[in-house]
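Here's a quick tour of a protein structure for anyone just starting out.

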Amino acid sequence: MAMGLGLLLLVFLLPCYYCAKGVEPANSAKCAFSAVYNFGDSNSDTGGISAVFVPIPPPYGEGFFHKPSGRDCDGRLIIDFIAEKLNLPYLSAYLNSLGTNYRHGANFATGGSTIRRQNETIFQYGISPFSLDMQIVQFDQFKERTKQMYQDNSNSVDKSRIPVPEEFGKALYTFDIGQNDLSVGFRTMNFDQMRAIMPDIVNQLANAVKNIYERGGRSFWIHNTGPIGCLPVNLFYKHNVPPGYFDKYQCVNDQNLMAQEFNKQLKDRVIKLRIELPEAAITYVDVYAAKYGLISNTKNEGFDDPMKICCGYHVNDTHIWCGNLGTANGKDVYGTACEKPSAAISWDGVHYAEAANHWVANRILNGSFTDPPIPITQACYRQ
């Protein structure tokens, strides 16, 4: 009897990164994630695009960091709340050469990133040159150079800022990308054309997961795309739209239907990945349901109208973006923040405010909107 109890305790106390081969997560220990590596777009960019192009100006970042932080938000993003939940530091952007520390992970996301490569420049429509395949190339290089530094460099200060090579297999790999593929499609294609390319978009994301798996990654946290039709920017210059164009919350119906189709195909592909990658623990995160749940219930949750934009000047058809200077009615107008960002869902018309990010994070990190329904602290367990 004593030996049986001892074995039970041993299983319970084993570090979770040994558990991705079939142990059930119920009543299990928290995962010993040593780091987080993130891939994505502006929804999770912590400074990448700001480091290589024009820095994001104030009042971005001032609600939490009290200065611009490279984030398209007044404060923290969902990826920041992920780091907090796992008791890890906020992720440094891979492309940021100053003040970076990668000991507990790195962020390869950049604002405007897509899964598929786009034949555009960032100066045309804001599409990042760092598509998902390039982010994976950057990760591969980062992992290899980390190994070389440990082999060639005995400087303890340098080593303290990079991950231990053996810990890449004990990290959590997060993905939050796909929204910009849809936005490009809305601008350049009809819906039939978008449906035709959607399997390729989903497969390219799956290939990125496979790449990391082949290099030792075992724990994956994959966000679907949010209700893109509910971004207030969709209301700009819209006059005399046909009946049924908007739903009852002023979201563009057809755009949300395309997002739902993308999410369905992504979830189906994740299910297949679990078979193809037998030692991987892959969590599918329904960010769409969480965000739409907030948008459809704002008053009860203490938020303002979801179509109200906190930062910027948006009156009639005059639009001065957050942090920019423009002219309205012959006067200079600066795109300032609203008086109460803590009640805002939309920060700048495209990106969510910190309070909304926090609300969503609270509901996805505990497993309420995930498949399998486990908290992120147990995302290393394979179901």
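A nonpolar core is a set of buried Ala, Val, Leu, Ile, Met, Phe, Trp, Tyr and Cys residues joined through side-chain atoms within 4.5 Å. Keep in mind that this is a predicted model. With that said, the largest nonpolar core here has 81 residues.

**The cores**

- In soluble globular proteins, nonpolar side chains tend to be buried together.
- In the largest core, the residues with the most contacts inside it are Tyr37, Phe39, Leu132, Tyr173, Phe175, Phe220 and Ile222.

- Ala290 is part of helix H10 (residues 287-295).
- Is Ala290 buried or exposed? Its relative accessibility is 0%, so Ala290 counts as buried.
- Leaving out neighbours within four places in sequence, Ala290 is in contact with Trp359, Val360, Ile364 and Phe369.
- Take Val360 from that list: Ala290 and Val360 are 70 residues apart in sequence, yet their C-alpha atoms are 5.9 Å apart in space.
- Gln255 belongs to helix H9 (residues 253-276).
- With a relative accessible area of 12%, Gln255 is buried too, because the cut-off for buried is under 20%.
- Not counting residues up to four places away in sequence, Gln255 touches Phe186, Ile228, Gly229 and Asn234.

- Most residues other than glycine have a negative phi, and most peptide bonds are trans.
- Which residues does a cis peptide bond with omega of about 10° join? That one links Pro58 and Pro59, and Pro59 is in the loop between helix H2 (48-52) and helix H3 (78-85).
- A cis bond also joins Asp371 and Pro372, with omega at about 0°; Pro372 is in the segment after strand S10 (370-371).
- Asn87 isn't a glycine, but its phi is positive, at about 55°. You'll find Asn87 in the loop between H3 and strand S2 (105-107), and its relative accessibility of 69% makes it exposed.
- Asn329 has a positive phi as well, near 55°. It is in the loop between strand S8 (325-328) and strand S9 (331-334), and at 76% relative accessibility Asn329 counts as exposed.

Conventions. Residues numbered from 1 in each chain as written. Predicted model: local features only at pLDDT ≥ 70, side-chain atom pairs only at ≥ 80, totals over all residues. Heavy atoms only, no water. Buried < 20%, exposed > 50% of the residue type's maximum accessible area, 1.4 Å probe, protein only. Helix = DSSP H or I, 4+ residues; strand = E, 2+ residues; numbered from the N terminus. Contact = heavy atoms within 4.5 Å.
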